[in-house]
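Please work through the following exercises with the model in view. Each task is followed by a stepwise solution.

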Amino acid sequence: MIEENVKKILEELPPGVELMAAAKSRTPKEILRAAESGVKIIGENYVQEALTAFDVVGPLVKWHFIGHLQRNKVKKAVQIFDMIETVDSLELAGEIDKRCSQYGRIMPVLVEINSGREPQKYGVLPEEAESLIHEILPLQNVKVEGLMTMGPMFGDPEDARPFFVETRKIFEKLRPLSLPGVEMKYLSMGMTNSYKVAVEEGANIVRIGTKIFGPRE
Ligand SMILES: *Cc1c(COP(=O)(O)O)cnc(C)c1O
């Protein structure tokens, strides 16, 4: 099942769009299967779950953190993740920077945009993205490489389009600024229900769980 699902998605994604398997609540075995089927990026929402899966799957794939990262989990997180997609405050970026400097590494991060302006969701408001990036600039061990958004959930993926458009506009505004140490490469948008619309609006990382692994329990 997982193998067929991955093959099908990979076939239909246009060149230059990377498939992430969003792996929350999946077993290490399922994640390994996805990796063996051609998925090159695994997304994890929880550090502890990622550590367990990492033990089995290892550096065969890239590991992206896509959940809400608590400060006290940063030390562990920077040891396994290749990218943290959900930076939405200077405090979090500062903690990542501090821990990465201890390990002598530079962490690629995406800034998470709360494109739906939903009070219960994480991420910076669209108009706050640029100033946060300016604040992150001096941090030597954190490198901004793009933006990520969830957007509100809809039954009809067309309803998600305006939120992807808004995030892409921020991306396109920031990219030509060529800020020092910033490389606007990645736009991570779209899930099982909405990834086709997200790709049409410029996403080059799509985060897919259900369509790869089946419904979550
Ligand atoms: C769970 C999750 C996804 C994938 O959701 P599906 O609808 O199962 O494809 C994508 N992004 C994030 C941040 C998630 O938490």
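The model is predicted: local features need pLDDT of at least 70, side-chain atom pairs count only at pLDDT 80 or more, and totals for chains, interfaces and linings use all residues. Residues are numbered from 1 along each chain as its sequence is written, and side-chain values use heavy atoms, with hydrogens and water left out.

**Exercise 1.** Determine whether the radius of gyration of the protein chain agrees or disagrees with that of a compact globule.

*Solution.* Step 1: the radius is taken over C-alpha atoms, and the globule rule is 2.2 Å times the number of residues to the power 0.38. Step 2: for 217 residues the rule gives a value near 17 Å; the protein chain has 16 Å, which agrees. Step 3: 53% of the 217 residues are buried (under 20% relative accessible area, 1.4 Å probe, protein chains only).

**Exercise 2.** Identify the buried residues of helix H3 and explain how they are arranged around its axis.

*Solution.* Step 1: H3 covers residues 47-57, helices being DSSP runs of H or I with at least four residues. Step 2: its buried residues are Val-47, Ala-50, Ala-53 and Val-57. Step 3: they line one face of H3, because they fall within an arc of 120 degrees seen down the axis, the arc being that of the directions from the helix axis to the C-beta atoms. Step 4: an α-helix has 3.6 residues a turn, so residues three or four places apart point the same way.

**Exercise 3.** State which exposed residues H3 carries on the face turned away from its buried side.

*Solution.* They are Gln-48 and Asp-55, where exposed means over 50% relative accessible area.

Key. Helices (H or I, at least four residues) and strands (E, at least two) are DSSP runs, numbered from the N terminus.
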